[in-house]
Amino acid sequence: MVEIEMANSCSAMTASADPGGFMINEIYKLDIFGGVYITTTHISLLLVSVLLIGFAVVVNRKLAKAKPEDTPGGLQNVAELIVEMLSNMVKGIMGENGKKFVNYIMLVFIFILCSNISGLLGLRPPTADYGVTLPLGIITFFLIHVNGIKKHKIGHFRGWLDPIPLFLPINIISDVAVPISLSLRLFGNVLSGTVLMGLIYGMAPVFIRFGIPSVLHVYFDLFAGAIQTYVFSMLTMVYVSSAISD
């Protein structure tokens, strides 16, 4: 009886502390490895991934069936516009070196953008969870150094001794900080918007929840989300370009 009352009390405290649903909530517990929780982040991440994979499969089938004399449909035009726009962005920043990174940058850009704007669909953005943004930063970190080593071999690490060997510890810390700064910047900006929208939904009267919040969603989810997507992608391209430059 005491356990039930304590559970109810904890649930009430959680609900009062999270009026707008902006916190990571547990949805289901799997009894494996001592307990694994399925959270709102997992659900949002799954839905975004399924949406992107589904879009890619449909476009791929459309292109496979298309004939040279056929007039491109709306879906094909959208896909070609996305690919052309992002390809030009990568080539504009990375130059000729960007050809082999186009696919990765496009994937990261589209994934982060869809994750950031998923709040428009009532989901909790996956990028508002540091467990999602940190792996993205780590992948970029390895991309930088793997390609730098391929291009310059051991000379890739000579930058650690610039301008003098005394700066070695500082330069190493600066390199290690790259994935942390990338991931924290994206995480912090998306989470702040999620928290603000949650507070607004939690405190605003019911009769204005369908007016003002919709305008704020356009800013926090669409405008700010697009900016953070571009910043993450641009910094990734700049870091990689710097690592493989002559």
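Visitor: Which residues of α3 are buried?
Guide: This is a predicted model. A residue counts as buried when its relative accessible area is under 20%. In α3, the residues that count as buried are Q76, A79, L86, S87, M89, V90 and M94.

Visitor: What distance should the 21 residues of α3 span?
Guide: The expected span is 1.5 Å times one less than the number of residues. The end C-alpha atoms of α3 lie 30 Å apart, and this agrees with the expectation.

Visitor: Which residue follows α3, and what is its phi?
Guide: The residue after α3 is G95. The phi of G95 is positive, near 70°.

Visitor: What is the phi of K153, and where does K153 lie?
Guide: Most residues other than glycine have a negative phi. K153 is a residue other than glycine with a positive value. K153 is in the loop between α5 and α6, and its phi is near 55°.

Visitor: Is K153 buried or exposed?
Guide: The cut-off for exposed is over 50% relative accessible area. K153 has 54% relative accessibility, so K153 counts as exposed.

Visitor: Which elements do the buried residues of α2 pack against?
Guide: Helix α2 covers residues 40-65 and reaches 38 Å from its first C-alpha to its last. Its buried residues are T40, T41, S44, V48, L52 and V59. They pack against β1, β2, α3, α4 and α5.

Visitor: Which element gives the most to the nonpolar patch on the surface?
Guide: The patch is formed by I27, Y28, L30, I32, V36, I43 and L47, with about 590 Å² of accessible area together. Two elements, β1 and α2, each give two or more residues to this patch. With three residues, the element that gives the most is β1.

Visitor: How does I43, in helix α2, count by its relative accessible area?
Guide: Values between the 20% limit for buried and the 50% limit for exposed count as partly exposed. The relative accessible area of I43 is 33%, so I43 is partly exposed.

Visitor: Which residues does L222 touch, not counting residues up to four places away in sequence?
Guide: L222 lies in helix α7 and is partly exposed, with a relative accessible area of 40%. L222 and N116 are 106 residues apart in sequence, but their C-alpha atoms are 7.4 Å apart in space. The residues that L222 touches are I117, L120 and H217.

Visitor: What pattern does the protein follow along the sequence?
Guide: The protein has seven helices and two strands. Among contacts between residues at least 6 apart in sequence, 65% join residues at least 24 apart. Read along the sequence, the pattern is α-β-β-α-α-α-α-α-α.

Visitor: What share of the accessible area do carbon and sulfur atoms supply?
Guide: Of the 246 residues in the protein, 31% are buried. The protein exposes about 15,200 Å². The share supplied by carbon and sulfur atoms is 70%.

Conventions:
Residues are numbered from 1 along each chain as its sequence is written. This is a predicted model: local features need pLDDT of at least 70, side-chain atom pairs count only at pLDDT 80 or more; totals for chains, interfaces and linings use all residues. Side-chain values use heavy atoms; hydrogens and water are left out. Helices (H or I, at least four residues) and strands (E, at least two) are DSSP runs, numbered from the N terminus. Buried means under 20% relative accessible area, exposed over 50%, partly exposed in between (1.4 Å probe, protein chains only). Contact means heavy atoms within 4.5 Å. Patches are made of residues with over 30% relative accessible area and no salt bridge: like charges are joined within 9 Å, nonpolar side chains (Val, Leu, Ile, Met, Phe, Trp, Tyr) within 5 Å. Accessible areas come from the Shrake-Rupley method with a 1.4 Å probe; for residues, only the protein chains shown count as cover. A salt bridge is a side-chain nitrogen of Lys or Arg within 4 Å of a carboxyl oxygen of Asp or Glu.
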